[in-house]
Amino acid sequence: MATAYLGEHLYIGYIGQIGILIAFVSAILSAFSYALSSKDFDSGWHQLGRWAFYVHGASIFVLISVLFYAMYHHFYEYAYVFDHVSDDLPLRYILSAFWEGQEGSFLLWMFWNVSLGFILLHKPKNFEVPVILVFALMQVFLTSMILGIYLPIGTEGFKIGSNPFVLLRQINEAPIFQNADYLSLIKGRGLNPLLQNYWMTIHPPITFLGFSSTIVPFAFAFSGLYSRDLKSWIEASYNWVLFSAGILGTGILMGSLWAYEALTFGGYWAWDPVENTSLVAWIVLIGGIHLHLITKKTGRQSKLLYLFYILAFVLILYSTYLTRSGILGDTSAHAFTNMGLESQLIALCLFFLIFGLFWWIKRFKSFDKQTEESVYSREFWLYISALILLLSATLIIMATSLPVFNKIIAAFNPNYTGRVITDPIYHYNKYQLWVAVVVSIISAKAVHLRYFASNWTLIKKKFLLRIFVYSVLAIILTWMFSLEISYFHWQNALLSFSAFFTIVSNGHYVISKLKQDTKLAFAGISHFGFGLMIVGILGSALNQKHISSNPFLFGEVFTKKDVTKYVQLIKGRPLFSQNYWITYESDTLIGKTLTYSIDFKEVGADKNVLNEFKLHPNAVYSNDLSKIAAFNPDTKHEWTRDVFSAVVSVPPAVESIEKSKEIEGALVYNKLTIPISDSIFLEDSIVLKPLTIHYEPSNVVYNRHEHVAGLGVSIKIHDLASDTSFVVEPAFGIDGALLYNYPVQVQDLGLKIRLNEDNASSYFSEDAKLDYQEYKVKEGQSFKIGDSEVKLVGLNKNPKHKNYTSQEGDIAIAAILKIKRNNIEEVAEPIFIIRDNLPQSIKYFLPTLGLHIRLSFIDPVNETFTFQIAEDINNLKNITLDIAKNVPRTDYVILLATVFPAIKLFWLGGIMMMLGLFLSSFSRHFLKRKIS
Amino acid sequence: MNKGVIVSLIVILIGVIVVITSSKDVSTYASIQDAKSGNLVKIAGQLSKDKPMEYDAENNPNQFVFFMHDQKGGEVKVVLNKPKPQDFEMSEQIVVTGRMTNDVFSATDILMKCPSKYKNEEISIKDQNG
């Protein structure tokens, strides 16, 4: 039976479904038309292809707007909206939520493709046809990823794409959907708290622009092969290629910065498969740029150039396959869910690989014969560096692809056990170190060589002199740097030398070129940045020092270095470690975020404090506050170093409600009744003494809530073993029949104390059951009640009491009574009020003496005051406590704190590398416009 | 022969050498039985939920002890030199990297596969209060 559901916005889905179909069909039509139009540029096919691409682009923009609209308005009837936004998701994360899922991120990719395509549509016709053909083909594949069509093939059917406009009730079978008004009952799942930071807002668009832009070199290379014009695309595409490398590199660098700033592992690069695949594509692209430059400057055609650009693009597709197919499984810390798109992703990779290689091989004969280049020419070294970069990329991608190889082999041999790299970081670093050394040295000297080795004999002396001076400077710098950091192995010293060598050489190059031809200096800036980055890595990765390492702890089976990376910090107890006093001072919960305040004092040799600072790492609870979902580090940034800190673990009771309940449930409370002011031994060495009773408890947690009445007992606990005392105040609050308990925990003694509920009946007597006696006195007079002596010492015309709120027209007066019994002296202020001509009295209760006092009448003529006083019927001398022993601590954190020396050089170097690429790209772009 | 070709061949040769030498860095997932050789290995398995877990943050926050078993029926005590990972009890699969010494597996690294936190959840119902 069909249910008529309330409040759904089905029109969104209709627009979405139709939009996807139009986008898919128009992309196919565009590709098809461009493919046919190529032979005759001005044919109708050409026009059709162009218009179909416009329609495709427009429908992609509509799809994005509609999905965004649905997310913005929390239309939870759509599964994608339900999965990624929630009522409490701040508006600033709405974009992050949009591209959190696979469908949204495919749309983002398509958005960039379409945008780039629209710009390139206005290229001269001989580029437009092949370039937009490639774009349209790509769009066919990407749009198919969000098609969401099931083909009834095989037993389970075959799914093409995952549609973002699917209704929640279409993919879930839950009893809730029997309710026509289910929408009013559900709230979205929201954005993963790990991703609720600004990085998630800026990193994906940049990265996807980087991904998207790699299609440009591919498309231009294809246009060359396709039209047999191997020359003209070289000039037309160069600034685009530089832009692509710059933006892709920026995306990778940003991801690295995100990891460093927001993850608790304490680093910026982990050789994770997700990082590796993007890096590899970037390295190949950079290699391609070097070959591109050879052709551009010398006219030498390079078959390899085409291969590089084909590979760079296919590697991006391959990275998409790796990250979205779920194949990485247990080799990556990144969690990507498998959405059943694996075969489509494989098809995407293979199509463009085969497509590219097919045209490349087909045009082999069109290439010029290669002539010999001189080893003293710049192009020779550009060529070598491209090869080295390709080698570097190959090594990384082969190792990263082990899970893929495993899967392929396992398909033929089911008994095959997969292979893994035992220690990835060691493995990658070992080989890439040599790549960095060779690349640095080549880039240092190649910039001072000339194309065609022209005038080599003339510049030879100058060149050799320069190399000599740079080497000497690099050696000096390497030595100077060693005063600040350690190299540990000669390989690292060599790496340092080569990095400084390229810094000095390219630095000189930049300065000399700035005067002559600014455009040429930009390559130098990138190379200079590369050198800086290497130096930054030597400082920050090789020489990082864990402050949070406690040398007093030795594991049984680990080396000292392994064991000492994390420390436990107990709140308020300073810990001395690695020349720092570290103190966990406090923590504050605001909303979902629990922020810690950790104080660091760096101490010099003679115990003087060199500097002091506070860091605030935090823990973020899940959207339903049931458990901690993420930890965020906090870093102190200085010019020469960073101090990184992260809480990596907290007590189980703080970590989740479930564990907290489990621990509480396992506690054994013993009931104990103790007379006030008496001491008892709880254990051999622990003495417990209830001091006083308060009807307005000062218990911190109690005071955050409002109750009609409350009771608190301050208790002194003395630990004879350590000779320390604590005063605690367990309390409860009463609201009608409900009793709220506020137990206290004595962390150091493992005790938890709460007031037994029995106290409620004995400490809150009903007025009607009391036996009031009347006393009439004048000011200054005394009278006796049992052992107590009561004296009316004065009057208060502005009385205050928690049960009394003054109103206009009130006449209120309080009598000040001093009451003495044995050594106890207390003051009571009962209040007499005349409100609306009616006399009223507010009772004052002295719990320690057990006296209830009312001022019931004032005789103004005789100046006498009438009191009603009753002795409490209960025994107020005892207090009943529930006490649990061996309670686990809840007041500590496990901290990781690391000093990263010279890390700023890493970021600065990275930024300079990208800046060099962007400057080159834009300067050429504007230069071209000027000429035309 | 063209210098470029020679250099290309050299680079390819280096690549081949590296691939051969790097085979030392690669290992298969070892069974607990295999790990007794004492080599640096990875073991994949599940947490033995019936055995005790030990994490004493006060005395050694860098050590977490638990038992795991693999599909071949082996069981081993694992000493991990890291704090206890979050959601450890919920893990479906554990991969530890380390060495076996005296029947105790000393792990330096751990990867866990957890049930996807956000995908398999039941449809959450609004709080009546909120």
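**Hairpins and strand pairs**

Q: What makes up the hairpin of S4(B) and S5(B), and which residue in the turn has a positive phi?
A: There are 5 residues between S4(B) and S5(B), and Gly73(B) in the turn has a positive phi of about 90 degrees. Quick housekeeping: this is a predicted model, where local features need pLDDT of at least 70, side-chain atom pairs count only at pLDDT 80 or more, and totals for chains, interfaces and linings use all residues, while side-chain values use heavy atoms, with hydrogens and water left out. Residues are numbered from 1 along each chain as its sequence is written, and chains are lettered from A and ligands numbered from 1 in the order in which they are written.

Q: Why do S4(B) and strand S5 (residues 75–80) of chain B count as a pair?
A: Two strands pair if DSSP finds at least two bridges between them. S4(B) and S5(B) have 6 bridges and run antiparallel, so they pass that test. As an example, Val65(B) sits opposite Val79(B) in S5(B).

Q: How many bridges join strand S3 (residues 54–55) of chain B to S4(B)?
A: There are 2 bridges, and the strands run antiparallel; that just meets the rule of at least two, so they count as a pair. Within S4(B), Val65(B) is the bridge partner of Glu54(B).

Q: What does the secondary structure of chain B come to?
A: The tally is 1 helix and 7 strands, in the order α-β-β-β-β-β-β-β from the N terminus. Both are DSSP runs, numbered from the N terminus: helices (H or I) need at least four residues and strands (E) at least two.

**One helix of chain A**

Q: How do you know that the length of helix H10 (residues 232–262) of chain A agrees with what a helix should span?
A: The expected span is 1.5 Å times one less than the number of residues. For the 31 residues of H10(A) that gives 45 Å, and the end C-alpha atoms are 45 Å apart, so the two agree.

Q: Where does H10(A) bend, and by how much?
A: The bend is at Tyr238(A), by about 45 degrees. That's the angle between axes fitted to the seven residues ending there and the seven starting there.

Q: What makes H10(A) largely enclosed by the rest of the structure?
A: Buried means under 20% relative accessible area, exposed over 50%, and partly exposed in between, using a 1.4 Å probe and protein chains only. 26 of the 31 residues of H10(A) are buried, so the helix is largely enclosed.

Q: Why is His56(A) called buried?
A: The relative accessible area of His56(A) is 0%, so it is buried. This residue lies in helix H2 (residues 44–72) of chain A. Its contacts (heavy atoms within 4.5 Å) include Ala23(A), Val114(A) and Thr143(A), leaving out residues up to four places away in sequence.

Q: What is the order of the 4 strands in the open sheet of chain A?
A: The order is S23-S32-S31-S30, with antiparallel pairing. Strand S23 (772–777) and strand S30 (844–846) are the edge strands, as each pairs on one side only.

Q: How many residues of domain 3 of chain A are in contact with domain 4 of chain A?
A: 6 residues of domain 3 of chain A touch 8 residues of domain 4 of chain A. The centres of these domains, taken over C-alpha atoms, are 36 Å apart. The bounds come from an automatic or database domain assignment.
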